[in-house]
Amino acid sequence: MAQVVEQKLKALGIALPTPAAPIANYVGFVRTGALLFVSGQICLGADGKLVAKGKLGEVVSVEDGQRAARAGAINLLAQVKVALGDLDKVARVVRLGGFINSAPTFLDGPKVMNGASDLMVEVFGDKGRHARTTVGVAALPVDAAVEVEGLFEVA
């Protein structure tokens, strides 16, 4: 197979990490029929450290939040790769969910989640355009700034 998606990732300078193991009683992904549900992925970078830690609107800027959302999306793709073996089997990115560790007055969560959404479109083209929900939350595991979950239609 051509591995078109893997080539796009390489051109973007992205190497998929080994997905982090779940830290509680859940699995990284569940496939049912043509749908792949991927559990929330925090914003760990290639070095295994958080790309951004803390609350948006307090200690984390929108730009750092966007980088964190992109990192969460990369980790999402790493889970998809494990689940399917080949990212070209993704027929469509159906939905992304974003959880933004937010100060009470922070209103730019959607701008932050563009870091994840933009990556999906860069990698999958029109198949990467998706529905999305962005929610500001009081806290995330290990004080991560962003967590991203996804739903994919697969071949």
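**Starting from one residue**

Student: What does Phe124 touch, leaving out residues up to four places away in sequence?
Tutor: Phe124 touches Val5, Lys8, Leu77, Leu87, Val90 and Val93. Contact here means heavy atoms within 4.5 Å.

Student: Where do these numbers come from?
Tutor: This is a predicted model, where local features need pLDDT of at least 70, side-chain atom pairs count only at pLDDT 80 or more, and totals for chains, interfaces and linings use all residues. Residues are numbered from 1 along each chain as its sequence is written, and side-chain values use heavy atoms, with hydrogens and water left out.

Student: Which residues touch the most other members of the largest nonpolar core?
Tutor: Among its 41 residues, those are Val80, Leu96, Val112, Met120, Phe124, Val146 and Phe152. Such a core is a set of buried Ala, Val, Leu, Ile, Met, Phe, Trp, Tyr and Cys residues joined through side-chain atoms within 4.5 Å; buried means under 20% relative accessible area, with a 1.4 Å probe and protein chains only.

Student: And which helix gives the most to this core?
Tutor: Helix 2, with 10 residues. Helices (H or I, at least four residues) and strands (E, at least two) are DSSP runs, numbered from the N terminus.

Student: Switching to strands: what does strand 2 pair with?
Tutor: Strand 2 runs antiparallel to strand 1 (residues 29-32), with 4 bridges joining them, and pairs with strand 5 (residues 146-154) in the antiparallel sense over 6 bridges. Pairing takes at least two DSSP bridges between two strands.

Student: Who's opposite Leu36?
Tutor: Arg31 has Leu36 as its bridge partner, and Leu36 also stands opposite Phe152 in strand 5.

Definitions and conventions:
Buried < 20%, exposed > 50% of the residue type's maximum accessible area, 1.4 Å probe, protein only.
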